[in-house]
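Hi everyone, and thanks for making time today. Let's look at the structure together, and I'll talk you through it piece by piece.

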2 protein chains.
Amino acid sequence: MYDLIVIGGGPAGLCAAIYAARKQIKTLLLSKDIGGQVSTTLGIENYLGYQFIEGPELIEKFQDQIRQFPIDQEIGRAVLRVERHNDTFDVVCEDGSSFQARTAIYAAGKRPRRLNVPGEAEFAGRGVTYCAICDGPVFAGQKVAVIGGGNSGVSATLDMVKISEHVHLVSITPLTADPVLVNQLTGAPNLTIHTGYQTRRIEGKEFVESIVVQDLKTGEERRLEVGGVLIEIGLVPNSDPVKHLLKLNQWGEVPITPGCATEVPGFFAAGDVTDVPEKQIVVAAGEGAKAALQSHRYLQRLQKQAVAV
Amino acid sequence: MYDLIVIGGGPAGLCAAIYAARKQIKTLLLSKDIGGQVSTTLGIENYLGYQFIEGPELIEKFQDQIRQFPIDQEIGRAVLRVERHNDTFDVVCEDGSSFQARTAIYAAGKRPRRLNVPGEAEFAGRGVTYCAICDGPVFAGQKVAVIGGGNSGVSATLDMVKISEHVHLVSITPLTADPVLVNQLTGAPNLTIHTGYQTRRIEGKEFVESIVVQDLKTGEERRLEVGGVLIEIGLVPNSDPVKHLLKLNQWGEVPITPGCATEVPGFFAAGDVTDVPEKQIVVAAGEGAKAALQSHRYLQRLQKQAVAV
């Protein structure tokens, strides 16, 4: 039985674990990985304290810091479901293991949104990727499609036009990325922009060979020959394990108070999985610190009540 | 006329300025100093990304990062009053200068609380200090009084018993510091703890020579001969310059939404001066980032409205 289980190994979870350990709370850090989205981020220029640092290097620094403290770690376990029995939280993992604590901080982050089209799951890792930054260079010299007209789609396109034979940028809507990014697309000779087009299916034999997109006005379908499909259509919160425990907002995020409390007493949440207004590394870290300090206060109140009884 | 004036040079203000600059907002950073309370903090072990760093070194890193961006800076000016005229904020400084912007982020932090007793102002810097960490070593070998029984008072006492001839710890209430700190006081041979005592006056000729404390039960006064008075009775928000602009909470803090908005449209606030539930460096940094991104959204909405008109 732990005092606190921190679920998630991104900046929110790691910062929460450090703050909890410094308050001498008996803490378990439980996560399928360490680093979360930061692991797949290249240059970071907006984490206060580092002029420039690569994502994996920043995570390495976070990990070094974690190791200073006596924090139990269960890394490599994906959480299936968080249950509440009386005053105990039971965290059940996909591998059947489970862990118990008096309080929990849910900091499970977000994951890339799927297109949900035929061929997508089949060709994942064989031409289909959700991380242009990690996998883009694999497609150097090839024709690729980037799906998504927001900031991450347009950023990926800007990277890919430099190294690909040809880039098809496919977006259902007009491009919604910041003008400063969209302007940089101008004049790329190896770029075709398809706005108002929806991706219908991904095809190939062993690897991706083409995608079929549909003109949303005319209904006409077009086949684009590509060896890579970089899907950048946003992120969804990893909130399934808690959706029966509390009410999520319309985007599937966990609503929190400014002190990271949820509607369930003793159950706190922090970072990108919550409705915090901005999703940033330094914001998630700050939220994790708040969640840990507030869970400490909660545990102190529990203790006082126990003494009073 | 700036798009944004960031008021305050602590972690909240510096992080806000970086985020604003990255959004290409025309930004002025206005502060009486750089670093805020971090400048006078010794070892920091809980800023995510640094296992251990001294306050001034961390601030140096923040400053290096600020210098990468084209941010105008007015450092050394204390803000007297923030006024709102139509859709413009007018920031008036104590030296009579003033600066205008469409939005502002108020991140002026906190300052040490005063005792408000005779002799306190007179002997400031001549035996009276509000920063045990900065000035404690000056009193090595002397008798000192530490005023305040919370975490910072007890921490200061623990530092001073190692180097002082004798330490008087004076607190109106029983000691309220964390038990882990209070326990460490046990057995110090050169320590006298006066709980239930109020400090009434500070006396001396050129420098502090004694303080007079009063037993709150009996009314009896005692004179303690000391060469130093370390006052550690908490912090108060630097909210005077905005108290006529918006309604402060009962502690004098600026109430904010989770997105760092205040009741005044276009006027945001971040960090220790606000009612954010925890006052921590990493929390303040995260709040500064949120405030900058939200002020960017606000400016975008202003721009769209202008186009629509």
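**A walk through the model**

Let's start with how one chain is laid out: chain A is divided into domain 1, covering 2-112 + 235-308, and domain 2, covering 128-231. Between the C-alpha centres of domain 1 of chain A and domain 2 of chain A there are 34 Å. Please keep in mind that this is a predicted model.

Here are some overall numbers for chain A. Its secondary structure comes to 6 helices and 19 strands. Along the principal axes, the C-alpha atoms of chain A fill a box of roughly 75 × 40 × 35 Å. Of the 309 residues in chain A, 53% are buried. And if you take the contacts in chain A between residues at least 6 apart in sequence, 58% of them join residues at least 24 apart.

Now, how do the two chains relate?

Let's move to chain B and its strands. In what order do the 5 strands of the open sheet in chain B come? The order is S10-S17-S11-S12-S13, and the pairing is parallel. At the edges you find strand S10 (128-129) and strand S13 (191-195) of chain B, each of which pairs on one side only. Look at strand S12 of chain B, residues 166-171: 5 bridges join this strand to S13(B), and the two run parallel. Here Val170(B) stands opposite His194(B) in S13(B).

Elsewhere in chain B there is an antiparallel pairing, where strand S15 (residues 208-215) and strand S16 (residues 221-225) are joined over 5 bridges. Val213(B) has Arg222(B) in S16(B) as its bridge partner. The hairpin of S15(B) and S16(B) has 5 residues between the strands, and Gly219(B) in this hairpin takes a positive phi near 80 degrees.

Next, the aromatic rings. How many aromatic pairs does the structure hold over all chains? There are 10. One of them is formed by Phe89(B) and Phe267(B), a tilted pair with 5.5 Å centre to centre and 40 degrees between the planes. This pair links distant parts of the chain, since Phe89(B) is in strand S7 (residues 88-93) of chain B and Phe267(B) is in strand S19 (residues 267-269) of chain B, 178 residues apart. Phe89(B) counts as buried because its relative accessible area is 2%, and Phe267(B) is buried too, at 0%.

Another pair joins Phe268(B) and Tyr298(B): the ring centres are 6.2 Å apart and the planes are at 75 degrees, so we call the pair edge-to-face. Because Phe268(B) lies in strand S19 of chain B and Tyr298(B) in helix H6 (residues 281-308) of chain B, the pair ties together parts 30 residues apart in sequence. Are these residues buried or exposed? Both Phe268(B) and Tyr298(B) are buried.

Last stop: charges over rings. The charged end of Lys26(B) sits over the ring of Tyr2(B), 4.8 Å from its centre. Arg114(B) lies over the face of Tyr130(B), with 4.2 Å to the ring centre.

Terms used:
Residues numbered from 1 in each chain as written. Chains lettered and ligands numbered in written order. Predicted model: local features only at pLDDT ≥ 70, side-chain atom pairs only at ≥ 80, totals over all residues. Heavy atoms only, no water. Phe/Tyr/Trp six-rings, centres within 6.5 Å; stacked < 30°, edge-to-face > 60°. Helix = DSSP H or I, 4+ residues; strand = E, 2+ residues; numbered from the N terminus. Buried < 20%, exposed > 50% of the residue type's maximum accessible area, 1.4 Å probe, protein only. Lys NZ or Arg CZ within 6 Å of the ring centre and 35° of its normal. Pairing = 2+ DSSP bridges. Domains from an automatic or database assignment. Contact = heavy atoms within 4.5 Å.
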